[in-house]
Amino acid sequence: MLKSEFSLRRALASVVLLCSFGLVPTGGAHAATTDWDALGGRDVVTTFTTDAVNRWRKNPVLVQFAQTDDAKAARLVVFLVEQFCAETGGGCTYPGKNMTEAHKGMNITTAQFNALAEDLQFAMDAANVPFRAQNKLLAKLAPMLKDMKGR
Ligand code: HEM
């Protein structure tokens, strides 16, 4: 084998190796993305959050949303999208009240929290959000229950 041919083979072999370790950005499955990107970014998150808030308002278990009119619902969607973005590495700053303050006097129960999370899952399914990305968001929300339960 010629020396130049050998070096070329060696160079190709290292590229293949680096790609398989994800060290070379390939623009495909290896490209580094955030959990926010995996959710689908702002457009998809706004779509499923709007859907989720509408489901919450219709859910008889979630009585606390009885006073949430269309204007309040629209505002809630904006706050939730920023919160989800902040929680999943999208680089946003959540502008609202903390979870204890936001839910003061609502006496939220674990069953209600689960019902809300289930509606959110239905909305994410309807928006074709990958299962793994759904679970990552839900895992970020789960610890918030302790901040709002029974307050
Ligand atoms: C992971 C769970 C939850 C998250 C991330 C969440 C997040 C939020 C946020 C960001 C706000 C707006 C805060 C602000 O105005 O500054 C809010 C308001 C509110 N939340 Fe939650 N919440 C959760 C669970 C619940 C549950 C379980 C209930 C009731 C069963 C509930 C009922 C409400 C109501 C009624 C409002 C006020 C909506 C309005 O303006 O009419 N939330 N929540």
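**Close-up views of a predicted helical model**

**Figure 1. Overall fold of the protein chain.** Of the contacts in the protein chain with a separation of 6 or more, 73% join residues 24 or more positions apart; two residues are in contact if their C-beta atoms, placed from the backbone, lie within 7 Å. The model is predicted: local features need pLDDT of at least 70, side-chain atom pairs count only at pLDDT 80 or more, and totals for chains, interfaces and linings use all residues. Residues are numbered from 1 along each chain as its sequence is written. The protein chain has eight helices and zero strands (DSSP runs, H or I of at least four residues for helices and E of at least two for strands, numbered from the N terminus).

**Figure 2. Packing of helix α3 against helix α4.** The axes of α3 (residues 41–58) and α4 (residues 70–87) come within 9 Å and cross at roughly 130 degrees; axes are lines fitted to C-alpha atoms over the stretch in contact, and angles run from 0 to 180 degrees between N-to-C directions. R42, V45, T46, T49, T50, V53 and R57 of α3 meet A73, L76, V77, L80, V81, F84 and C85 of α4.

**Figure 3. Surroundings of the ligand.** The ligand is surrounded by 21 residues, of which T68, G96, K97, A102 and L141 are the closest; a residue is near the ligand if its C-beta atom, placed from the backbone, lies within 6 Å of it. Helix α4 provides the largest share of this shell, five residues, and α4 and α6 (110–126) each supply at least two.
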